[in-house]
Amino acid sequence: MIHYIVRRLLLAIPTLIAISILSFVIIQLPPGDYLDERIAQLEQQYGDSSSLAQAEQLRKQYGLDRPMPERYWKWVSGFVRGDFGDSFRYEKPVNELIYERLGFTVMLSVGSLLFTYALAIPIGIYSATHRYHWSDNMLTLLAFFGMSLPGFLIALVIIVVVYQVFGVPLFGLFSPYYQQMSGWSWGKVMDLLNHLWVPLIVISLNGTAALMRVMRGNLLDVLGEPFVRTARAKGLKESVVVVRHAARIAINPLISMMGMSLPEILSGTTIVSIVLNLPTVGPLLLQALQDQDMYLAGTIILFMSLLLIIGNLLADIALAWADPRIRYE
Amino acid sequence: MSEHDARAVDLTPDRGNLVANASVDPGQLSYRQLVWRRFRRSKLALIGGTVLMVFYGMALFAEFFAPYDANRDNARLRYVPPQTIHFRGPDGFSWPPFVYGLTQTRDPETRELIFTQDISRRYPVRLLHRGDPYRLWGIFPCDLHLIGSDGPMYLLGTDRMGRDLLSRILYGGRISLTVGLVGVLLSVLLGSILGTISGYWGGVVDLLMQRLIELLSAFPAIPLWMALAAALPPHWTGIQVYFGITVILSLLGWGGLARQVRGKVLAMREQDFVLAARAAGAGHWYILTRHLLPTAYSHIIVVATLAIPGMILGETALSFLGLGIRPPLTSWGVLLEEAQRVTVVLHYPWLLLPAVPVVLVVIGYNFVGDALRDAADPYST
């Protein structure tokens, strides 16, 4: 097992290098750079180009006058020291800006993932054991709707409905009172949980709808297997047969799908965060892309991919743990 | 076989009508007929297909179905709430139906403009009304609209520039509905070409291709789309942006398809019929296009159908964030961008209405794709 994990980690290194190159190239794609816009702004402000020399100075300071491979190397070589370059807009190191937001991103994504599975598995089991019953047909229809509704729309609708019915605005992760408070307290945690349910539901909805269908299909397949008939013939209770014998096997493909559902959840987190103004990296990425704040945008994309690689690895380990038939030697 | 015969076949199993059953042996039906038979069994798919046809039809003739020109603004009629067509006035049933006039008042507290119905004024709503002139598909000059009225008639309300939301949704459908099609076409082309090459030649090509696909799937879609869309030059024209967006959407979509095609080709490569073709002196290109790709057609169509809704949602999300299609072009995402600020939505909730066609179309595609997946293999039971 340890052997396997080490090998997977080693394999992740070339992927990471490729991803870092790709992220860097993508954010270099837009014509011009951040300073071009800055200069245009300054020119409009002062009406002349006296700031040009100052801009050139800045360009040199940020290394924007160097060729691309050199800039890439400068960016990447800082990683070891935890230095990801500076944000042009905020004039601060990137890691200071994203540190806390990354935490919330991971928290929201993992929370949504758990929520997705916690909902999808029982519903899928119910749906499979009540096949073609009206409640199963209902759930099937609901699943189609759940897969078709874009997350940001549900978020908007929930906000409007909750505001009009209860008069509570549901933005962000904290109320204004706790927003300003630094450090943590019991009240702040409760406040967080109070705000967390909307994004959790919204982000999980698409995944839940899809996974519940998969669970239903898998379980239906497994319920036809001979070992299930044997379990029934032994006189076990139906609930034991379904939950302990059949569902236990039917869950395995879902665990390996965890790695695949992570990108979707991260995508969902990004866009829902922008709509709900949550303190994750999503809104920051949008801002950075619009400003061509390249080190900031590149680092965020890099970290998102890193999260996915880690998530995939964890999913594989979880699968090995859940399904003893899998051998990695 | 005529349509009538096909229907008779489908009914026989229930009625046990052996005579009719014997007249058409399912074994004699072509693959296409078998697929259609299986497809028709799904009621949801037929509903979904109908919804899609209605939406595409309305987008095709948007100029005719829209009561107004999509860009006709009116500074004095901003944020008019949706009006209803009335068939009954105070004096009973009325034909033609009518809409009431609008009066403007200012909220005494918020100083906000509010429109209310002015019951004293009525404007008849007529079918085939002559309104804003237009050129159908940019060619035929015309001014006929399905419905119209001489007074203000905004059935879904107006936006911040006083433009009719219903008309804008109909025109916007043109972009939203084709982005998915063009994007899928591109990714099908990319995916099938690269997938076949990868599966047919194998070796280093295959290895590199598989690593590339894995790398692409390691990126989360929306952030990557955002980064690529932000890279589209700001001076591009609407058409260039439109194609730029479709290319971006298909860039991530081809990987999954290429994998499936590769698997199919890999399985077929060593089959007898391929070896026979090779022994008969057929070239690589001939074998690929005449023998290998056709076996994957049904598969490709299913995957493509199921990929379209994702692309439509992708375009909507990008435009919603202001990174996608840019005004003056309209898509459903562009319309929803106005609803991005929650304070605006709270005051003018009808701005969320463009979401309704998005959801209906996406569900329609999912229904159809799901039934196609079952029907693509009509020999299974």
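Tyr132(A) is exposed, with 8 other C-beta atoms within 10 Å. On this scale, a residue counts as buried if 20 or more other C-beta atoms, placed from the backbone, lie within 10 Å of its own, as exposed if 12 or fewer do, and as partly exposed in between. The structure is a predicted model, in which local features need pLDDT of at least 70, side-chain atom pairs count only at pLDDT 80 or more, and totals for chains, interfaces and linings use all residues. Residues are numbered from 1 along each chain as its sequence is written, and chains are lettered from A and ligands numbered from 1 in the order in which they are written.

Tyr132(A) lies in the loop between α5 (94-129) and α6 (134-148) of chain A; helices are DSSP runs of H or I with at least four residues, numbered from the N terminus. Although Tyr132(A) is not a glycine, its phi is positive, at about 65°. Asn277(A), also not a glycine, has a positive phi of about 55°. Asn277(A) is found in the loop between α12 and α13 (281-291) of chain A and is partly exposed, with 13 other C-beta atoms within 10 Å.

Helix α12 (residues 252-276) and helix α14 (residues 294-322) of chain A have axes that come within 8 Å and cross at roughly 170°. Axes are lines fitted to C-alpha atoms, for helices over the stretch in contact, with angles from 0 to 180 degrees between N-to-C directions. The crossing angle therefore makes α12(A) roughly antiparallel to α14(A), a term for angles over 145 degrees. Residues of the contact (C-beta atoms, placed from the backbone, within 7 Å) include Leu262(A) of α12(A) and Leu308(A) of α14(A).

Terms used
Helices (H or I, at least four residues) and strands (E, at least two) are DSSP runs, numbered from the N terminus. Angles under 35 degrees count as roughly parallel, over 145 as roughly antiparallel, 65 to 115 as roughly perpendicular and the rest as oblique. Two residues are in contact if their C-beta atoms, placed from the backbone, lie within 7 Å.
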